[in-house]
Amino acid sequence: LSFSVFRLLSSHSPSGARRVVIWEANNHGVGHQYLEVWGCNGLEKSLDLTALNKHGKVYDDAQFACLAWSPCEDKLLYVAEKKRVGPLAQASFLSANESRGLVVLEEEVKHTFYFSIIFLYLCLFQDKNVYVEDWGEGLTGKSAPVLCVADLSKGEVTICTGVPPHISPGQALWAGDGNGLIFLGWWHEPFRLGLKFCSNRRSALFYIDLKGNCELLSSDSGSVLSPRLSPDRLWLVYLQGQVFGPHHQCLSMMLVNALSLSHLHTQGQNYSELIVSSLLLLFMLFGSAKLLTVMKDLMVMSCSSPNRPPSLKKTISSVSTIDMCNGVLPNMKHSVQPPIPPPPPQPLFLLISFSLFIAGLNFGAVLLKPESTSKRVKFPLVVFIHGGPHSHFAAEWNVNAAALTKLGFAVLMVNYRGSTGFGQDSIDSLLGNIGSQDVRDVQRAVLHVLQSNAILDADRVAVMGGSHGGFLACHLIGQYPEFYRACAARNPVINAATLLGTSDIIDWRYSSIGLQYSFDQLPTPQALTTMLEKSPITHAAQIRTPVLLMLGGKDKRVSPYQGLELYKALKSRNSPVRYTHTHTHTHTLLLRQIHILSLKACYWFINFTLCKGSSCTHTIFVKVFL
């Protein structure tokens with residue numbers, strides 16, 4: 001479209017009487033950003049952020065972004081990119097202190113002949129192609145964030161000074177009565193590593209007053225995330241973990257006195273007791289309950305199961321649970337045994353969950369099966385593997401698994417050892433064992449469900465996964481070449497050795513094979529050999545399974561050339577393979593992009609598991625669709 005308008009951020013004021021919205025109008029690729037405050041009688045204030053020219057684009061991501069009202073509701077706090085100016089633009093002066101790129105800061109201009117000569121030279125000869133770091137996958141173009149305060153009464157925007165130059169600030173909150181800010185700071189020296197989905201980056205909690213005096217609140221040798229103020233603004237809770245190693249791991253809950261700013265540590269049981277007890281009944285009825293918001297004594301949640309779509313629930317205090325969409329569940333007091341609830345809504349599919357134990361560690365899986373009244377019908381099985389690897393399949397609604405089940409497939413979602421939710425020992429067990437332990441876990445889960453479910457067809461098993469899930473899918477079809485009938489892999493890791501120089505999380509390339517990482521680390525023949533030995537490319541000669549590769553052209557985490565490497569290896573051996581490449585896709589896709597790729601995987605599986613022969617109508621559709 002030549003012209004589009006979309007909302008970036010919005011937030012209600014503490015009183016609930018006003019709402020702020022930051023939105024962007026895009027005209028032929030040129031964006032213009034605005035801040036608007038709306039009240040009961042309509043628009044109260046509008047600031048043209050682009051025209052004010054105090055900073056670059058406003059951040060709207062999940063890592064840095066915030067939009068917070070001051071307690072008195074006369075100021076707003078948000079995060080934006082530090083102002084950069086190109087050649088022959090506004091008067092400015094070069095500063096290479098951040099991101100090691102050509103970043104121009106307006107306030108550093110000195111009206112002297114000496115600086116004027118330097119600036120003129122830079123305007124005429126600066127190289128626009130000089131590399132400027134950013135924070136990797138999903139954060140392209142985000143390099144040097146700054147804290148911004150919009151004064152609604154004056155109609156001005158100021159940039160907070162005093163933030164240490166070696167950190168990038170984000171996730172900011174107003175402290176106390178609004179005379180200072182609390183924010184997270186990520187170290188960006190000696191260079192930036194990918195931040196999205198990585199809670200193991202060196203970071204700390206800081207306090208800064210509006211005069212620019214900055215104070216460290218937490219340890220500066222760990223990783224910090226998700227600061228939250230208590231409703232009375234007296235306590236600050238945040239999570240703290242270790243630097244490097246698994247990019248998701250078990251975290252400690254920390255507590256800070258927001259008034260005295262004295263540092264304390266707590267296990268956090270009292271903080272979470274109300275929420276845990278209030279959700280107990282919901283977890284008994286559903287597999288997943290996501291807390292959406294808390295307003296005084298009201299909590300609103302989204303509840304679902306793998307075989308039940310989401311529905312909204314609200315809990316008032318710790319006394320009752322009420323269904324907002326599908327009637328009323330019985331009231332419950334925590335001190336009494338709750339009455340027997342009415343039968344839940346009829347599930348859409350049959351659901352089986354189970355756990356397996358290996359070497360003292362357990363891992364789990366969820367099996368979805370279509371309902372059938374005929375004992376003669378056998379369903380093909382799709383093995384669905386999550387990425388990460390330190391993530392998991394929650395016991396919640398998964399639209400991709402639901403779509404496959406409605407098409408007549410059974411779906412097995414495996415949480416192999418190394419998945420989150422099973423403790424730190426399980427997470428650490430995968431370090432140095434990728435490509436072997438996780439592969440065996442998935443295959444053991446598959447064999448278990450085939451042996452215990454007679455309605456599953458062992459001759460029609462397919463496998464799919466993305467990122468590390470794609471890595472495992474390609475391993476499985478290489479290590480068990482006669483077992484799987486079809487494979488769909490999205491942005492898979494194929495050769496960890498060649499990925500080392502292109503990924504935004506090079507630390508994981510070392511941690512995954514059991515080696516410690518440091519910024520000044522150089523690859524060794526031994527390390528590269530180990531990476532290669534643990535990669536699916538070493539089994540490419542054994543692959544006979546038809547493979548669908550779905551790759552993103554702008555993937556900064558796993559280069560599309562990884563998939564291309566496998567594509568060439570299979571093509572040279574006349575193995576069936578199809579390569580789909582979307583230039584605009586990144587590693588982390590939008591929901592609609594995921595659905596499109598999932599449809600491609602569905603019809604790929606239909607072609608090679610449900611259809612017999614080229615005359616199948618599904619086969620004809622697949623050839624057109626793919």
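Contact is taken here to mean heavy atoms within 4.5 Å. On this basis, and leaving aside neighbours within four places in sequence, Trp135 of the predicted model is in contact with Phe64, Lys142, Ser143, Ser168, Trp186, Trp187, His188, Arg192, Leu193, Gly194 and Leu195. Trp135 is placed in the loop between helix H2 (113-125) and strand E9 (145-151). The relative accessible area of Trp135 is 1%, and the residue is therefore classed as buried, the cut-off being under 20%. The C-alpha atoms of Trp135 and Asp504 are 8.1 Å apart in space, although 369 residues separate the two in sequence.

The protein chain contains 13 helices and 30 strands. Of its 626 residues, 51% are buried. The accessible surface of the chain amounts to about 29,400 Å², and carbon and sulfur atoms contribute 57% of this area. Among contacts with a separation of 6 or more, 59% are between residues 24 or more positions apart.

The largest nonpolar core comprises 54 residues, and Leu35, Leu77 and Tyr78 have the most contacts inside it. Strand E12 (residues 180-187) gives the most to this core, supplying six residues. Another core lies apart from it and has 46 residues, including Leu367, Cys487, Val547 and Val577. For Tyr78, when residues up to four places away in sequence are not counted, the residues touched are Ile22, Leu35, Leu49, His55, Val58, Cys66, Leu67, Val146, Leu147, Cys148, Ala150 and Val157.

Confidence was examined along the chain. The mean pLDDT of the protein chain is 81, and 76% of its residues reach 70 or more. Over residues 318-348 the pLDDT stays under 50, and the model has 54 contacts beyond four places in sequence for this stretch. The pLDDT is also below 50 over residues 612-626, a stretch with 21 contacts in the model beyond near neighbours in sequence. Where pLDDT is low, predicted coordinates should not be read in detail.

Key. Residues are numbered from 1 along each chain as its sequence is written. This is a predicted model: local features need pLDDT of at least 70, side-chain atom pairs count only at pLDDT 80 or more; totals for chains, interfaces and linings use all residues. Side-chain values use heavy atoms; hydrogens and water are left out. pLDDT is the predictor's confidence in each residue, from 0 to 100. A nonpolar core is a set of buried Ala, Val, Leu, Ile, Met, Phe, Trp, Tyr and Cys residues joined through side-chain atoms within 4.5 Å. Buried means under 20% relative accessible area, exposed over 50%, partly exposed in between (1.4 Å probe, protein chains only). Helices (H or I, at least four residues) and strands (E, at least two) are DSSP runs, numbered from the N terminus. Accessible areas come from the Shrake-Rupley method with a 1.4 Å probe; for residues, only the protein chains shown count as cover.
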